[in-house]
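User: I'm new to reading protein models. Could you walk me through this one, feature by feature?

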Amino acid sequence: MSSLFSMTRTFKPKKVAEGTKQYQLRRYAEQTLGSGNLRSAVALPEGEDANEWIAVHVVDFFNHVNMLYGTITEFCNPQKCPTMNAGAKYEFLWEDGEHYRKPTALSAPLYVENLMTWIQNQLDDEKLFPQKIGVPFPRNYSSACRTILRRLFRVYAHIYYEHFDQICALGIEAHLNTNYRHFYLFVTEFNLVDKRDMAPLEEFNRAIDQEYK
């Protein structure tokens with residue numbers, strides 16, 4: 001596996017193929033996001049398929065989290081972040097059923113590297129994320145999306161707890177906050193991540209709920 005430094009420097013965002021339904025939905029999502037109303041932006045467009053809508057957002061959140069984490073990789077190393085955590089109370093273990101068959105404690109950068117590689121492989125699997133119109137989504141699609149999004153949340157949580165000062169120093173805290181609000185509103189709109197799995201950011205989540213009542 002390549003080093004995290006090289007991975008983040010050579011990372012290419014996962015693109016949705018032009019001409020597909022997901023491409024059209026992505027364009028629609030970009031337009032509604034531009035309106036500034038995140039609550040309405042996450043709602044399923046009338047007459048559209050929820051699985052397609054979720055697929056578009058899974059890809060987008062993967063891209064955003066990867067790029068956000070890429071901004072702080074020089075501060076997130078095995079010495080400074082020996083565990084994948086969100087403060088002292090929460091530690092996240094890695095398991096993929098292949099290289100790590102049991103939940104395993106990893107340094108934060110190694111956890112994120114494994115996570116991003118694992119997600120990329122799933123997004124590239126057209127049996128799981130079909131690209132062609134008319135090809136049905138598999139039975140395990142919903143559970144796969146839930147797992148991806150739950151694990152992406154852990155990267156947000158790690159950034160907020162361990163690297164928010166660096167995010168502020170880089171001047172991108174507003175971007176992080178807006179992106180996380182979008183993520184939180186989307187996963188709660190479609191019940192994709194349990195509230196208990198987002199407990200590390202519970203206070204922020206309550207504030208978002210109040211803001212977007």
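**Reading a buried histidine**

Analyst: Let's start with His163, which counts as buried because its relative accessibility is 2%; buried means under 20% relative accessible area, exposed over 50% and partly exposed in between (1.4 Å probe, protein chains only). This is a predicted model, where local features need pLDDT of at least 70 and side-chain atom pairs count only at pLDDT 80 or more, while totals for chains, interfaces and linings use all residues. Residues are numbered from 1 along each chain as its sequence is written, and side-chain values use heavy atoms, with hydrogens and water left out.

User: Where is His163, and what does its side chain make a polar contact with?

Analyst: Helices (H or I, at least four residues) and strands (E, at least two) are DSSP runs, numbered from the N terminus. His163 sits in helix 6. A polar contact is a pair of N or O atoms within 3.5 Å; within protein, one must be able to donate a hydrogen and the other to accept it, and residues adjacent in sequence count only if both atoms are side-chain atoms. Here the side chain of His163 pairs with the side chain of His158 at 3.2 Å.

User: And His158: is it buried or exposed?

Analyst: His158 is buried, at 0% relative accessible area, and belongs to helix 6 (residues 141-169). Contact means heavy atoms within 4.5 Å. Setting aside neighbours within four places in sequence, the contacts of His158 include Cys76, Cys81 and His163.

User: Which feature does UniProt place at these residues?

Analyst: UniProt positions are given in the numbering used here, feature names are shortened, and annotations may be inferred rather than shown by experiment. The unreviewed UniProt entry gives "binding site" at Cys76, Cys81, His158 and His163. They span 88 residues in sequence, yet no two of their C-alpha atoms are more than 10.0 Å apart, so they gather at one spot.

User: What about Asn77: where is it found?

Analyst: Asn77 lies in the loop between helix 4 (50-70) and strand 1 (85-86). Its side chain reaches the backbone nitrogen of Lys80 at 2.8 Å.

User: Which residues touch the most other members of the largest nonpolar core?

Analyst: A nonpolar core is a set of buried Ala, Val, Leu, Ile, Met, Phe, Trp, Tyr and Cys residues joined through side-chain atoms within 4.5 Å. Of the 59 residues in the largest one, those touching the most other members are Phe129, Leu149, Leu152, Val155, Tyr180 and Phe183. Helix 6 gives the most to this core, with 13 residues.
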